[in-house]
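Please read the following briefing alongside the sequence and the three-dimensional model. It begins with a sheet and then turns to the chain as a whole, its cores, its ring contacts and its backbone details.

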Amino acid sequence: VPVKWADALFCQRPGQALALDSKLLTHRSQGKVTTPVRFDATLAAYVLQSNRTSYDLGDLVQGYLDLHPPATDGQKAVALLELETEMKDRLEKEQQTHVFRQIELPLVPILVDMERQGIGLNSETLREFSKSLSLAIEQSQAKIFGLAGMEFNVGSPKQIGEVLFEKLGIPGSKKTKTGYATGAEILHELAPTHEIAGEVLTYRELTKLKSTYADALPKLAENGRIHTTFNQTVAATGRLSSNDPNLQNIPIRTELGRQIRKAFVARSGLTFGSFDYSQIELRILAHMCHDENLVEAFQKRIDVHTVTASLMFHLETDSVTKEQRRLAKMLNYAVLYGVTDFGLANQLGAGFSVKEAGELIKQYNERFPKVKAFTESTIEEARSKGFTTTLMGRRRSFADIHAGNRNARLYAERQAINAPIQGTAADMIKVAMLRVWDLLKGKESKMLLQVHDELLFEMGSDRDELIEPLRQAMEDALPLQVPVEVDAKEGANWLEMKEIPAPRSE
């Protein structure tokens with residue numbers, strides 16, 4: 001008998017359930033799947049076409065069955081049954097059944113439980129932080145007025161452009177339809193030589209921290225806890241995303257931004273445990289391209305950025321400076337994400353021309369020839385097949401890989417380079433979550449968040465017996481040619497955490 005349950009439509013069978021949105025079904029069952037969800041059309045469509053912008057039932061029916069969108073509940077239930085048959089066949093033909101059955105579908109109840117658990121928030125900490133931000137915003141605004149020699153709306157990009165490029169006559173302006181370009185990229189270019197540009201960046205950081213986090217998060221707390229929503233079918237790479245609020249985007253890069261994390265607290269008597277994959281994408285790159293220099297660095301547990309710098313600058317590793325390591329780190333990730341000469345020059349900042357950035361990339365490719373060969377073969381695979389695959393077989397398609405528009409084609413090529421690496425990292429942590437879930441059954445400790453390569457737990461009285469098994473479960477999720485390492489920390493809040501040393505065999 002077809003049943004309508006909120007927006008989830010499923011067809012009940014003896015001991016089974018067919019759901020369009022099994023996550024919502026689980027929610028409506030108070031966090032318990034009373035009948036096993038054997039198929040989820042939304043997840044199946046995501047595995048088959050992760051670049052889709054819509055997984056609406058009507059769109060799926062039109063796309064996979066070539067039928068008009070169903071209108072009644074009965075028609076929708078029948079459509080779901082027909083979709084199951086068609087999509088199972090597609091999954092099998094495209095060798096995606098494993099990704100769907102062994103990774104995505106079992107993750108549904110885990111994400112639901114994490115959402116229900118929530119994470120503790122000390123709203124008073126954020127209120128105090130908001131007050132200090134208000135004062136800092138006033139001071140920043142006053143400084144900008146002083147440097148500009150006039151008062152204006154600092155929050156207006158249009159007025160910022162007029163002040164910088166018309167009143168102050170700063171060179172390097174770029175016209176847009178609505179005025180001058182005043183984005184972060186432009187301001188970062190100007191900041192080293194024009195103090196006002198740097199101060200505008202500071203002002204923007206302060207106002208964003210206040211409005212997006214310090215003021216907004218306390219309003220979302222329920223009984224002292226924040227409950228995010230994890231999205232399984234948004235990121236084309238296979239990664240999870242988060243919204244209402246986005247807890248995967250809590251600031252970490254700046255000292256001021258990191259203060260937001262101090263407001264996230266563990267329950268009384270418990271502690272946070274953070275388990276974070278160390279340089280996992282670079283490790284996956286080393287495994288995939290088999291470059292001897294990268295592989296050796298990880299096998300000997302030498303800092304890979306220092307190794308890259310030593311090879312780039314022809315130095316012994318103990319002679320590498322912090323600045324040289326910084327450049328090497330940017331280069332490592334520039335290659336990983338297919339960054340252009342121009343893009344790297346922007347990342348390196350003032351003092352580096354596009355030509356110099358290009359020379360650094362050239363040196364890198366000479367020192368790591370198998371990395372270059374890997375990126376070229378990956379692009380060629382995308383051109384010939386239309387898709388690339390992760391180590392676990394997840395596919396990502398690239399519609400623009402043969403595009404006539406050069407920018408669209410180059411963008412697709414950069415995505416193709418990164419997709420197997422970032423997608424493998426996404427698969428790895430999802431498998432780790434499945435393993436961890438089994439370890440935590442019946443335990444006081446709970447898994448609360450997944451933030452890219454990190455899992456965050458509330459650790460209870462069983463902390464001592466779980467620390468190393470949790471770490472091991474993550475490290476063993478997907479064996480690589482190089483060692484996989486997980487950095488573990490613990491503390492009363494998400495900011496102030498101390499390292500938990502790992503037992504290492506010689």
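Two strands are taken to pair if DSSP finds at least two bridges between them, and the elements themselves are DSSP runs numbered from the N terminus, with helices (H or I) of at least four residues and strands (E) of at least two. On that basis, five strands form an open sheet in the order β15-β16-β12-β17-β18, with antiparallel pairing. This is a predicted model, in which local features need pLDDT of at least 70 and side-chain atom pairs count only at pLDDT 80 or more, while totals for chains, interfaces and linings use all residues. Residues are numbered from 1 along each chain as its sequence is written, and side-chain values use heavy atoms, with hydrogens and water left out.

**The sheet and its edge**

- The edges of the sheet are taken by β15 (446-451) and β18 (498-499), each of which has a single partner strand, so one side of each is left without a neighbour in the sheet.
- Strand β15 pairs with β16 (residues 454-459) in the antiparallel sense over five bridges, and within this pairing Leu 449 has Leu 456 of β16 as its bridge partner.
- Five of the six residues of β15 are buried, so this strand is largely enclosed by the rest of the structure; buried here means under 20% relative accessible area, exposed means over 50%, and partly exposed lies in between (1.4 Å probe, protein chains only).
- The hairpin of β15 and β16 has two residues between the strands, and His 452 takes a positive phi near 60° there.

**The chain as a whole**

- The protein chain contains 20 helices and 18 strands, and 50% of its 506 residues count as buried.
- A compact globule of 506 residues would have a radius of gyration near 23 Å, and the 25 Å of the protein chain agrees with this; the radius is taken over C-alpha atoms, and the globule rule is 2.2 Å times the number of residues to the power 0.38.
- The C-alpha trace spans about 75 × 55 × 55 Å along its principal axes.
- Among contacts with a separation of 6 or more, 61% join residues 24 or more positions apart, where contact means heavy atoms within 4.5 Å.

**Nonpolar cores**

- A nonpolar core is a set of buried Ala, Val, Leu, Ile, Met, Phe, Trp, Tyr and Cys residues joined through side-chain atoms within 4.5 Å; the largest has 116 residues, and those with the most contacts inside it are Phe 264 and Tyr 277.
- Helix α19 (residues 406-440) gives the most to this core, with 10 residues.
- Apart from this core lies another, of 23 residues, among them Ala 41, Val 61, Ala 79 and Val 99.
- Leaving aside residues up to four places away in sequence, Tyr 277 touches residues including Met 428, Ile 429, Ala 432, Met 474 and Val 484.
- Leu 348 lies in helix α16 (residues 341-348) and is buried, with a relative accessible area of 5%.

**Aromatic rings and charges**

- Rings of Phe, Tyr and Trp (its six-membered ring) pair if their centres lie within 6.5 Å, and planes under 30 degrees apart count as stacked, over 60 as edge-to-face and the rest as tilted; the count by this rule comes to six aromatic pairs.
- One of these is the edge-to-face pair of Phe 145 and Phe 152, at 5.9 Å centre to centre and 65° between the planes.
- Another pair, Tyr 364 and Phe 368, is tilted, at 4.7 Å centre to centre with 40° between the planes; Tyr 364 is buried at 0% relative accessible area, and Phe 368 is likewise buried at 0%.
- A charge sits over a ring if NZ of Lys or CZ of Arg is within 6 Å of the ring centre and within 35 degrees of the ring normal; Lys 175 lies over the face of Tyr 180 at 4.4 Å from the ring centre, and the charged end of Arg 261 sits over the ring of Trp 494, 4.2 Å from its centre.

**Backbone details in loops**

- The peptide bond from Asp 244 to Pro 245 is cis, with omega near 0°, and Pro 245 has its place in the loop between β10 (241-243) and α11 (255-258).
- Asp 244 has a positive phi, near 55°, although this residue is not a glycine, and Asp 244 counts as exposed at 57% relative accessibility.
- Asp 66, found in the loop between α3 (57-65) and α4 (73-93), has a positive phi of about 55° and counts as exposed at 68% relative accessibility.
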